Amino acid sequence: MIAGSLITIREGLEAFLIIGILLGYLTKINQPQLRVHVWMGAGAAILVSFLLAAVFQALAIQFVGEAAELFEAGIALLAVWVLTWMVLWMQRQSRRIKGELEHKVDAALSHGQTFALAGLAFVTVLREGLETALFLSAVFITARDNNMLPGAALGLAISAGIAYLIFRSAIRLNLRTFFLVTGSFLILIAAGLVGHGVMALQELGWLPIGTATAWDLGWLIPNEALSGRLLHAFIGYEAAPTLLMVFAYLAYMLVFGGKFFVGARSSVLAR
C-alpha cells in the first residue's frame with residue numbers, strides 16, 4: 001500500500017502541477033474561457049491511463065506458468081526502463097517545464113488552434129499516467145501486496161490536495177527537495193524490480209548463471225512477513241536472493257542511482 005501511495009503521490013503531483021500551470025497561464029493571459037479545453041484533455045488522459053492499468057492487470061491474469069513468469073519479468077524490466085528515464089529526465093528538465101508549456105500554449109493560440117490546448121494537456125498528462133499505470137502494474141505483480149490499489153488511490157488524493165494548496169498559496173513546498181526524496185525512493189523500488197526480473201528469468205532457465213544463493217535471511221525476515229513484504233515493495237527484498245540478483249541490483253544502483261545523485265548534487269551546486 002505504501003509503495004503504491006508513493007508512486008501516485010509523485011506522479012500525480014507532476015500531472016496536477018502541469019494542469020495547474022496550463023490553467024494559471026490561461027488566466028494570466030486573460031483567456032480563462034479556454035480552460036475547458038485543458039480539462040477535456042487532462043480528463044481524457046486520466047481515463048486512458050486507467051484503461052491502460054486495467055489492460056496490464058487483465059494481461060497478467062491471462063498468463064499462467066512460464067508465460068506468466070515471462071510477462072512478470074518483461075513488465076518489471078519495462079517499468080524499470082521507463083521509470084529510470086522519467087526520474088533522470090525530470091531531474092534535468094524540471095526548471096524548464098513551466099516555460100516550455102507556456103511557449104506551447106502561445107504557439108497553439110497564435111495559430112487559432114484552441115483545441116490544440118486539449119491535445120497539449122492530453123499528451124503531457126498521459127505521459128505521467130502511462131508511467132504510473134506501468135509502474136503500479138509492475139509493483140502490483142511482483143510485490144505480494146494486495147492493498148496496492150487502495151494505496152494508489154490514497155496517494156492520488158494526497159497529490160491532488162498538495163497541488164491545490166500549492167496553487168492556492170496555502171503552502172510552500174520545495175519541489176526540488178520533494179522530487180529528490182521521492183526520486184531516491186523510486187530508484188530503490190526500480191532496483192528491486194531489476195532483481196525481481198532477474199529472478200523470474202532465472203526461474204525460466206533463461207539466465208542459468210549466478211543461481212547460487214547469496215545468503216538466506218528467512219529465519220530473520222521471512223518473505224511472507226509484513227516486514228518482508230514492505231521491504232520487498234520498497235527495495236526488492238528477497239530473503240534468499242541469488243548471486244546474479246544481488247549483482248544486478250548493485251549494478252543498477254551504482255550506475256543509475258549514482259547518476260541520479262550526481263545530478264542532484266550538481267543541481268544544488270549550480271544554485
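This is a predicted model: local features need pLDDT of at least 70, side-chain atom pairs count only at pLDDT 80 or more; totals for chains, interfaces and linings use all residues.

I'll start with the overall picture and then go through a handful of residues one by one.

What is the secondary structure made of? Well, the chain has nine helices and zero strands. If you draw a box around the C-alpha atoms along the principal axes, you get roughly 65 × 45 × 30 Å.

How much of the chain is tucked away? Of the 271 residues, 46% count as buried. And take the contacts with a separation of 6 or more: 82% of those come from residues 24 or more positions apart. As for the surface, the accessible area is about 14000 Å², and carbon and sulfur atoms account for 70% of that.

Now charges. The chain carries 17 positive and 15 negative side chains, and the centres of those two sets are 18 Å apart. How many salt bridges does a search of the whole structure find? One. That salt bridge joins the side chains of arginine 127 and glutamate 128, at 3.4 Å from N to O. Arginine 127 is partly exposed, with a relative accessible area of 26%. Glutamate 128 is down at 2%, and that counts as buried.

Is arginine 10 buried or exposed? Its relative accessible area is 1%, so it counts as buried. Setting aside residues up to four places away in sequence, arginine 10 touches Met86, Val87, Met90, Phe178, Phe179, Thr182, Gly183 and Leu186. For a sense of distance, arginine 10 and glycine 205 are 195 residues apart in sequence, and their C-alpha atoms are 36 Å apart in space.

Let's follow one of those contacts. Methionine 86 is in helix 3, which runs over residues 65–93. Methionine 86 is buried too, with a relative accessible area of 3%. Which residues does it meet, leaving aside neighbours within four places in sequence? They are Arg10, Glu11, Glu14, Glu131 and Leu186. Methionine 86 and glutamate 238, on the other hand, are 152 residues apart in sequence and 26 Å apart from C-alpha to C-alpha.

Staying in helix 3, there's threonine 84. Threonine 84 is buried, at 6% relative accessible area. Beyond its neighbours within four places, threonine 84 is in contact with Tyr252 and Phe256. Now, how far apart are the C-alpha atoms of threonine 84 and isoleucine 187? They are 103 residues apart along the chain, yet the separation is 7.3 Å.

Next stop, helix 7, residues 175–203, where we find histidine 196. With 7% relative accessibility, histidine 196 counts as buried. Not counting residues up to four places away, histidine 196 touches Glu72, Thr142, His232 and Glu238.

Serine 184 has 19%, so it counts as buried. Serine 184 touches Phe260 and Phe261, again without residues up to four places away in sequence.

Last one, and for this we leave the helices. Asparagine 30 is in the loop between helix 1 (2–28) and helix 2 (35–62). What does its backbone do? Asparagine 30 has a positive phi of about 60°, although it is not a glycine. Why point that out? Because most residues other than glycine have a negative phi. And how covered is this residue? Asparagine 30 counts as exposed, at 61% relative accessibility.

That's the tour, so let's have your questions.

Terms used:
Residues are numbered from 1 along each chain as its sequence is written. Side-chain values use heavy atoms; hydrogens and water are left out. Helices (H or I, at least four residues) and strands (E, at least two) are DSSP runs, numbered from the N terminus. Buried means under 20% relative accessible area, exposed over 50%, partly exposed in between (1.4 Å probe, protein chains only). Contact means heavy atoms within 4.5 Å. Accessible areas come from the Shrake-Rupley method with a 1.4 Å probe; for residues, only the protein chains shown count as cover. Lys and Arg count as positive and Asp and Glu as negative; His and the chain ends are not counted. The place of a charge is taken as NZ of Lys, CZ of Arg, CG of Asp or CD of Glu. A salt bridge is a side-chain nitrogen of Lys or Arg within 4 Å of a carboxyl oxygen of Asp or Glu.
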